[in-house]
Amino acid sequence: MPNASSWSASSPLLLLWEDSSGTRIFLSLLYAVLAISGTLSNVMVIYLVFSFKKLQTTSNAFIVNGCAADLSVCALWMPQEAVLGLLPPNSSSLRSAEYRLLRGGLLGLGLTVSLASHLLVAFNRYVLITKLPSVYQALYQRRHTGCMIGLSWALALLPVPLLPGLWTLGSAQSDSSSRYTALLLALAVLGQTALLLHCYLGIVRRVRGSAKRVSVLNFHLLHQLPFPAAPPPPRRAQRRLSSVSVLLLCCVFLLGTQPLVWVSLLGFFLRPAPPALQAASWLLLCSLSALNPLLYTWRSEEFRRAARSVLP
């Protein structure tokens, strides 16, 4: 029976080899639900943006980039986890180093680009609301936007040569590599979270301080902000609703990312967390891939109108 450190070092799965069959079946069903719902929601957002010209904005380009990354998690990685959870614990598929490497690559690529897309969306909205329109137009030309999206994928592909060493089994070096990888992951997510919160809290301060500043900006991108486009509520109510919506988005993001950060830091500086806690923290992070499309479109009247036009 593997201990906590060998479990975390040897398997990117959120499945524990020593779990009971009932727990494994429950996790498999949970993965299946997340895979189906996440795939449908991400595909729907991508389809709507490509089908409706009003939705083809810079902010939505970053959202589509995140949806494409989330599909690698929801459509490619989660279904495999759902199937593997139904296999016997001693199955050769679970112990195949090459297959684990493939699954770990899909998960790492999808989550890295998805988190980068969160930051790109937040920074885009921050520049739109807090800077002059000329600054926004100069920064977010089509060529620059394409470079930002390409850079998010390039950065996600950089760790790929390191993966074979990280999934080596049965060596002390593997455990050490796993601990340092967890530390780097935690620090990267903490830095990304700090930048994202800076952007959204800056938006909240600007919207609360000057509703007039927001109302005079004639950009289609304003429809992507987390407050209703029409009919406009009274100015005070608009500021309050905008702030609550942005803070709700931040809270959901923090709930999905921070447990893994602190579990990783705990395992590096003190002692490894119980495998069940590690699995739960990873599961929360992966569930963001299914929730992201809703987080960025549920307050958009343009998205709702486009969805009503294509759904029966």
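Helix H3 supplies the largest share of the lining of the largest cavity, namely five residues, where helices (H or I, at least four residues) are DSSP runs numbered from the N terminus. The structure is a predicted model, in which local features need pLDDT of at least 70 and side-chain atom pairs count only at pLDDT 80 or more, whereas totals for chains, interfaces and linings use all residues. Residues are numbered from 1 along each chain as its sequence is written, and side-chain values use heavy atoms, with hydrogens and water left out.

The largest cavity has a volume of about 80 Å³, and 13 residues line this cavity, with Ile-63, Gly-66, Ser-117, Asn-292 and Tyr-296 the closest to its centre. At least two lining residues come from each of H3, helix H5 (97-130) and helix H12 (275-297). By class, the lining comprises six nonpolar, six polar and one charged residues (Ala, Val, Leu, Ile, Met, Phe, Trp, Tyr, Cys and Pro count as nonpolar, Asp, Glu, Lys and Arg as charged, and the others, Gly among them, as polar). Across the whole structure, the search finds four cavities of 30 Å³ or more. On a 1 Å grid over the protein atoms alone, a cavity is a set of points where a 1.4 Å probe fits but cannot get out, while a pocket is an open set with protein on both sides within 12 Å along at least five of seven lines; lining residues have an atom within 4 Å of a point. A volume is the space filled by probe spheres set on the points, which are joined across faces, edges and corners.

The second largest pocket holds about 370 Å³ of space, and among its 15 lining residues Gln-56, Thr-57, Thr-58, Ala-61 and Arg-142 are the closest to the centre. Helix H2 (21-51), helix H3 (58-84) and helix H7 (142-157) are the elements that give two or more residues to this lining.

H2 also packs against helix H13 (residues 301-310) at an angle of about 95 degrees, with the axes 10 Å apart; the two helices are therefore roughly perpendicular (65 to 115 degrees). Axes are lines fitted to C-alpha atoms over the stretch in contact, and angles run from 0 to 180 degrees between N-to-C directions. Met-44, Val-45, Tyr-47, Leu-48 and Val-49 of H2 meet Phe-303, Ala-306, Ala-307 and Val-310 of H13, contact meaning heavy atoms within 4.5 Å.

Note on methods. Angles under 35 degrees count as roughly parallel, over 145 as roughly antiparallel, 65 to 115 as roughly perpendicular and the rest as oblique.
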